[in-house]
Amino acid sequence: MKKFERLTSAVVPLNIENIDTDQIIPARFLKATTREGFGENLFRDWRYNGDNTPKVDFVLNDPAYKGQILVAGKNFGCGSSREHAAWAIQDAGFDVVISSFFADIFKGNALNNGLLPIQVSEDFLAAIFKAVDQDNNAQLDVDLESQTVTIVATGEKTDFEINAYKKSCLINGHDDIDFILNQKQSIEAFEQAR
Amino acid sequence: MSKTLVEKIWDAHVVKSEAGFPDILYIDTHLIHEVTSPQAFDGLRKRGLPVLRPKQTVATADHNVPTINQLQPIKEELSRYQVDMLTKNCAEFGIELYGLGHPFQGIVHVIGPELGITLPGKTMVCGDSHTSTHGAFGAIAFGIGTSQVEQVFATQCLLQQKPKTMKIEVNGTLGKGVTAKDIILYIIAKISAAGGTGYFIEYAGSAIEALSMEARMTICNMSIEMGARGGLIAPDQITFDYIKGREFAPAGAEWDKALAYWKTLYSDADAKFDSVLTFEAEDIAPMITYGTNPGMGMGIKENIPATSSQPGKEQLSYQKALDYMGFDDNASLIGKPVDYVFIGSCTNSRIEDLREVAEFVKGKQKAENVTVWIVPGSKQVEQQAKNEGLDKIFETAGFQLREPGCSACLGMNEDKIPAGKYCVSTSNRNFEGRQGPDARTLLVSPLTAAAAAVTGKITDVRDLLAEA
């Protein structure tokens, strides 16, 4: 799994709530049998018209916004369990997603792929959107070790929570399968005891 | 110590619990389908691992399959490849597949229960968020991502934090024309599309206890639409009667042993839930959604809430949703013409749903302006519908009875709703583009869908039932 420790980057702001996984990657693009290439269709129907021409007013089509941090409104990633949503975001070059609230399955999928989901308060989220409004190149500093996000221009800083085990997985690039495979004896003992 | 039902089942499946780590949870049954499994099989190959317990894994092809001429080669190349890949992977790893042409094929959350695979007290997972459906039997069942599908393949376990628990009680008696689908749409409208996030929900109360198993599945199915990972209902005599005699259900001495255990599966009277909500069945009307998440629902005779009535931060997203749907603040939906009616999906494609629709439309005709698709949840449901002559009723009414699959619920196959068109749908999600790019979805019960099919417009089914 991809490692993550620290990132300073501009952000792509998507100030919309309840962004569901069908928006992130519509079902009709789930037919691939590998993990790669989904970035092309990230937010497909918000990014492109029916004739495949780009929608110029959508932020991912605006060259003014670049960066490896996606910032979105609350309840991000609700809906289906498709891990393709996390793959698409990562494949499009993002390493971090910030929102004031994440849907459970999306959050787990992101963590299992080394894409860091960070939940911040509504107020801090508003502060990020404000900073990006003022300067489209506004930088955020994300430090997993200290579990902090800082708006570089203003110095506004917040802590974020992450399960200690998941944090060590991200820092070391280990995944759950590596962990459970080491527990094979416990699993067999459990099965025999039933 | 007193425990909730979730805690009882959870604790019985913990392989290892260590401070600072998620629990290692043993998974009894793993259901898989063609869309979220190929990358997991690939992962196994890369690691050089087998499927640890292939006999505890069951596969079917549902998301991507055509619903007409199902036994012809699939026309769409990528869909065909994905379905073929499932066949190949199941053969390679020794997994039982109920693929196209098999009498057990169908939507994964329809076939598990009807085959007696879904049982009380089990832990069940599937790479599909509507896995919560199986909770209707008093099982812990939840959707997982593909990395976790690989994890279960490799270890028959999952690393999971124990969820918080919520009890939702619905008491009293439902009115005429009000069904299980209306109960769950009502609850989601009350607590929002995120109101259950972080919780496992136990549904209880006299209105829930009075429901059939299939109706309970409809309720548990949509737990994820309020963000809850899973939902479940304590098993009772209705549950046991449903299971007995099914293909893979325990029989003989095994049945007696299982039944004795199942009877211990309830939340203790003084068990503590992290949250408790109570609703009255009498307050629930036939429901309809007007927006682009399942929380945007209302009683069918109500008016769409004004944007100004929403919290300030949410107004932009709310307005965007109404614009997408082509609806105005304060509008009534009654009498609004519809283009498509879709009766199907893991929420409402079982035999009782089809019977309810057939009984309502018997002797009636669909309206000219509407295309009506009925997509049964499984080959068994399809066969049963034919045995009961429901197919003739649908044919006479001008409804198309198609072959089983997920179909227009998510439009992965050809069954897409055209851009701008309104589809009254018994499925579970009204997200933008869910049923096809720019398609507009209104979620309802099968009965309300049948009423729209007959009148060609959004109709309060109670008005038609009163006439009859």
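Between chain A and chain B, 27 residue pairs are in polar contact, both residues being at pLDDT 80 or more. The model is a predicted one.

**Exercise 1.** Determine which elements and which kinds of residue form the side of chain A that touches chain B.

*Solution.* Begin with the elements that give two or more residues to this side: among them are helix 1 (21-24), helix 5 (122-134) and helix 8 (184-193) of chain A. Next, sort the residues of this side by kind: 19 are nonpolar, 16 polar and 20 charged. Then turn to the salt bridges, of which the two chains have nine between them. In a salt bridge, the side chain of A:Glu122 meets that of B:Lys313 at 3.9 Å, N to O.

**Exercise 2.** State how many residues are in contact on each side, and what area the chains bury.

*Solution.* First, 55 residues of chain A are in contact with 67 residues of chain B. Second, the two chains bury about 5000 Å² between them, with 57% of it on carbon and sulfur atoms. Third, in chain A the most area is lost to chain B by A:Lys31, A:Thr33 and A:Ile177, which together account for 15% of what that side buries.

**Exercise 3.** Explain why helix 15 of chain B is described as largely enclosed.

*Solution.* Buried means under 20% relative accessible area. Nine of the 10 residues in helix 15 (residues 446-455) of chain B are buried, so the rest of the structure largely encloses this helix. The buried residues include B:Pro446, B:Leu447 and B:Val454. Their cover includes helix 12 (351-361), strand 16 (371-374) and helix 16 (461-467) of chain B. Finally, B:Gly456 follows helix 15 of chain B and has a positive phi, near 80 degrees.

Definitions and conventions. Residues are numbered from 1 along each chain as its sequence is written. Chains are lettered from A and ligands numbered from 1 in the order in which they are written. This is a predicted model: local features need pLDDT of at least 70, side-chain atom pairs count only at pLDDT 80 or more; totals for chains, interfaces and linings use all residues. Side-chain values use heavy atoms; hydrogens and water are left out. Contact means heavy atoms within 4.5 Å. Buried area is the accessible area (1.4 Å probe) that two parts lose on being put together, summed over both. A salt bridge is a side-chain nitrogen of Lys or Arg within 4 Å of a carboxyl oxygen of Asp or Glu. A polar contact is a pair of N or O atoms within 3.5 Å; within protein, one must be able to donate a hydrogen and the other to accept it, and residues adjacent in sequence count only if both atoms are side-chain atoms. Helices (H or I, at least four residues) and strands (E, at least two) are DSSP runs, numbered from the N terminus. Ala, Val, Leu, Ile, Met, Phe, Trp, Tyr, Cys and Pro count as nonpolar, Asp, Glu, Lys and Arg as charged, and the others, Gly among them, as polar. Buried means under 20% relative accessible area, exposed over 50%, partly exposed in between (1.4 Å probe, protein chains only).
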